[in-house]
Amino acid sequence: MTSKHEYTCINCPLSCALELTEDEGEVLGVTGEGCKVGTKYARQEFTDAQRVVTTTVPVRDGSLPLLPVRSAGTIPKRLVMTAARELATVVVEAPVKNGQVILHDLLGTGVDVIASRDLEKAGS
Amino acid sequence: MKKIRKPDLAVIGAGPAGLAAALAARKAGLKDILLIDRDFELGGILQQCIHDGFGSMVFKEVLTGPQYAQRFIDEIAGTDIEIMLSTMVLDLRADRLITAVNSRDGMVEIQPKSLVLAMGCRERSRHQIMIPGFRPAGVITAGAAQRDINIDGIMPGRKLVILGSGDIGLIMARRFTLEGAQVEGVYELMDHPGGLTRNVVQCLNDFDIPLHLSHTVSFIHGRRRVSGVTVAAVDESLKTIPSTERFVPCDTLCLSVGLIPENELSKHAGVQLDPVTAGPFVDERMETSVEGVFACGNVVNVFDLVDYVTKSAQSAGLGAAEYVMTGRKREGGIRVEPGRNVKYVVPQFISDPSRDVDFYFRVEHPEKAVTARVIAGAEEVTKKKHRMVRPPEMLQSTASGERLTASGEPSKITVEVIGSDEQA
């Protein structure tokens, strides 16, 4: 039997209200999307929701004590808390360039964690 | 005092607005540009906004705050724009004389040929919303907590209550949770969230953090440190209902109760402020009531997207460059009126209706199935349908100069939001 699921698209500020219809796990359709990103998002939310993780890691010898980092792509939502804990154990050395890989293959997801900005060495 | 430096343009504030304004002026051909900021680095508040969600309009990709800033910082590094960091502007006069201070030069005076105000905004604090109770440590605004955690590596608390559901409060609910703190709940006085719906979803719902609408904090407990707060539901007139009061133990109360454009300097310079936005009245070039003084970003009104801040800053930078290079004098000004279900519109005036203009506006109350229209004289200039409009989600319409002047120079421009079936 068919059932409906409601989602809010998080990909842009429009926050489109989406409705996905499925039958025994088979997606029949998505409505309410303002663009095709919404359709893809609703399907992903239904099968295995994905999120970007952002946090900070401590920097040794940096002009600031912390470096903001992000997952280069999305990882399963259920792994977000674990990823934050995993990243709490990482320390990097200054200088760092924006986009530099900080951690390879976060929790076996195949997604790298990258620096979100340049960070100079202290005093430079 | 050193001799007065007289650049073509000075920009006060090097956050997203200041960076984009300086770059836009440079690209328009303006030569001698000075960018001033009180922080030790460029980027402003973006540097502490480590979450993603920035740039979907300007760059068509989703960036973190520092990544968004980095793009402009890298671009500035390839120009000869002069940067003056760790410098606090103390005073500004209507003749654009800036008095600033830093520990390298001492007091300095700068009198640019044009000026862009890009000071951003400030957070409302406990004192502006008058929460009864004691005055212990542990009451902090969301943006201050964000700086503590993301820049300085300090945890301001372990067990929190968040009052207000503005975007920063929602983002910080998630941030505190990821850092191992416990967020008991987010309490919002109004019957709708203050921030974007996507942030309610990804910051609260994803982490099972409850959002209590039509609730407030009615008392702060604790002598040295916060020991808890009393929360209560509010009635239709936003008064607390005593029978619903409940004590919540916590060590920190985090406030996300609104932002106010930072216009102390603008006032010194005699710039006229709009009482609704708390920012300067501006025209389509973002020029204020004081000639040669432009304003952009959150100084003008609190935009909810940095993309809009950037766009307003590009208009201001271009306006300043034109002002200096062509010696243009402004004439007249057509008032832009907020029509049905529109709280305010930026810009408030149009000096040259033959130019394309981005109108930014907010609705007064949530409404379903509406059409947002820009009307010049009797002509409909733009029309956009929206399934849902909410006060926290700013609307934008781009009107072409050609359409604005289709039947001559309009005497009045109105922006309105009407029910789709009310339309003529």
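Predicted model: local features only at pLDDT ≥ 70, side-chain atom pairs only at ≥ 80, totals over all residues.
Local features need pLDDT of at least 70 and side-chain atom pairs count only at pLDDT 80 or more, while totals for chains, interfaces and linings use all residues. Residues are numbered from 1 along each chain as its sequence is written, chains are lettered from A in the order in which they are written, and side-chain values use heavy atoms, with hydrogens and water left out.

Student: How far apart do the C-alpha centres of domain 1 and domain 2 of chain A lie?
Tutor: Domain bounds come from an automatic or database domain assignment. In chain A, domain 1 covers 2-48 and domain 2 covers 54-115. Their C-alpha centres are separated by 29 Å.

Student: How much area do chain A and chain B bury between them?
Tutor: Carbon and sulfur atoms carry 54% of it, and the total is about 2600 Å².

Student: Which residue of chain B forms a salt bridge with Arg51(A)?
Tutor: A salt bridge needs a side-chain nitrogen of Lys or Arg within 4 Å of a carboxyl oxygen of Asp or Glu. The count between chain A and chain B is three. For Arg51(A), the closest N and O atoms are 2.5 Å apart, and the partner is Asp206(B).

Student: Why is the pair of Tyr68(B) and Phe72(B) called tilted?
Tutor: Rings of Phe, Tyr and Trp (its six-membered ring) pair if their centres lie within 6.5 Å; planes under 30 degrees apart are stacked, over 60 edge-to-face, and the rest tilted. Eight aromatic pairs are found over all chains. In this one the centres are 5.4 Å apart and the planes meet at 40°, so the pair is tilted.

Student: Are Tyr68(B) and Phe72(B) buried or exposed?
Tutor: Buried means under 20% relative accessible area, exposed over 50%, and partly exposed in between (1.4 Å probe, protein chains only). Tyr68(B) has 0%. Phe72(B) has 6%, so it too is buried.

Student: Which residue has its charged end over the ring of Phe59(B)?
Tutor: Ring pairs link Phe59(B) with Tyr68(B) and Phe72(B) in a cluster. A charge sits over a ring if NZ of Lys or CZ of Arg is within 6 Å of the ring centre and within 35 degrees of the ring normal. Over Phe59(B), at 4.8 Å from the ring centre, sits Arg71(B).

Student: Which residue does a cis peptide bond join to Ala94(A)?
Tutor: Most peptide bonds are trans. Here omega is about 0°. The partner of Ala94(A) is Pro95(A).

Student: What is the phi of Ser214(B)?
Tutor: Most residues other than glycine have a negative phi. Ser214(B) is not a glycine, yet its phi is positive. Its relative accessible area is 23%, so Ser214(B) is partly exposed. The phi of Ser214(B) is about 55°.

Student: What is the relative accessibility of Asn341(B)?
Tutor: Asn341(B) also has a positive phi, near 45°. Asn341(B) counts as buried, with a relative accessibility of 4%.

Technical notes. Buried area = accessible area lost by both parts, 1.4 Å probe.
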